[in-house]
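Please look through the sequence and the structure shown below before reading on. The report that follows begins with the surface and then turns to the fold, the sheet and the aromatic rings.

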Amino acid sequence: MMLGLLAAATLSPSLFAQSPASESGQRGISDATRQDILAARDAIWRAFFADDSASLRRLLPAAVAAGDATSWQDRAAVMKAARRFADAGGKLLQLKFDGTTVSLFGDVAVVRSIVTVQILSGGKTSTSTDRATEVFVHQQGTWVNPFWHTAPPG
């Protein structure tokens, strides 16, 4: 399902050891930078569920790798999934991120969180909660999202 498309990236543990960060104390990340990264994350998720292809093209670079527990997709597949969701009359009802951490490595940020998405599709409401790891890269003044992975919490 398209809910599994959105979220995260898997990086080596040694990379995370370079600059630990947590929601309460993030070393090397200004409040403004953290807010910019999280605003980009929110914009991408909302653009997907709204089938906002212009925003998705701006925030998702051509070399996207998106995965979940069952598959990996490229940018074209992500865009197609957003279109299918919209064509089926799907609506985003709620988007919530809990336990967010941000680790910054120069122009690369790794964002981890628990994401809860509630949608209306086919006349039915469904809620999905996943662990999301997302990578953002600062390019030409914008945080873009080239890589993510989602998986069930736990």
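Accessible areas, as used here, come from the Shrake-Rupley method with a 1.4 Å probe. On that basis the protein, which is a predicted model, exposes about 7600 Å², and carbon and sulfur atoms supply 51% of this area. Of the 154 residues of the protein, 45% count as buried. Among the contacts in the protein with a separation of 6 or more, 62% are accounted for by residues 24 or more positions apart.

**Overall fold**

The protein has four helices and six strands, and, read along the sequence, these elements follow the pattern α-α-α-β-β-α-β-β-β-β. The six strands form an open sheet with mixed pairing, in which the order is β2-β1-β6-β5-β4-β3. The edge strands of this sheet are β2, residues 72-73, and β3, each of which pairs on one side only.

Helix α2, which covers residues 31-50, lies across β3, β4, β5 and β6, and it runs at about 145° to β3.

| Strands joined | Residues | Bridges and direction |
|---|---|---|
| β3 and β4 | 91-105 and 108-121 | 12 bridges, antiparallel |
| β4 and β5 | 108-121 and 124-139 | 14 bridges, antiparallel |

S103 stands opposite V110 in β4, while the bridge partner of V110 in β5 is V135. The hairpin of β3 and β4 has two residues between the strands, and in this hairpin G106 takes a positive phi near 65°.

**Aromatic pairs**

A pair of aromatic rings is described by the distance of the centres and the angle of the planes. With rings counted as a pair if their centres lie within 6.5 Å, the count for this protein comes to four aromatic pairs. One of them is formed by W45 and F97, whose rings are edge-to-face, at 5.7 Å centre to centre and with 85° between the planes. Because W45 lies in helix α2 and F97 in strand β3, this pair ties together parts that are 52 residues apart in sequence.

Are the two residues of this pair buried or exposed? W45 is buried, with a relative accessible area of 1%, and F97, at 18% relative accessibility, also counts as buried because the cut-off for that class is under 20%. F97 has a further neighbour in R41, which lies over the face of the F97 ring at 3.6 Å from the ring centre.

W72 and F147 also form an aromatic pair, and this one is stacked, at 5.6 Å centre to centre and with 20° between the planes. The pair links distant parts of the chain, since W72 is in strand β2 and F147 is in strand β6, 75 residues apart. W72 counts as partly exposed at 49% relative accessibility, and F147 counts as partly exposed at 26%. Elsewhere, ring pairs link F48, F49 and F85 into a cluster.

**Drawing the parts together**

Key:
Residues numbered from 1 in each chain as written. Predicted model: local features only at pLDDT ≥ 70, side-chain atom pairs only at ≥ 80, totals over all residues. Heavy atoms only, no water. Pairing = 2+ DSSP bridges. Buried < 20%, exposed > 50% of the residue type's maximum accessible area, 1.4 Å probe, protein only. Contact = heavy atoms within 4.5 Å. Axes fitted to C-alpha atoms, helices over the stretch in contact; angles between N-to-C directions. Phe/Tyr/Trp six-rings, centres within 6.5 Å; stacked < 30°, edge-to-face > 60°. Lys NZ or Arg CZ within 6 Å of the ring centre and 35° of its normal.
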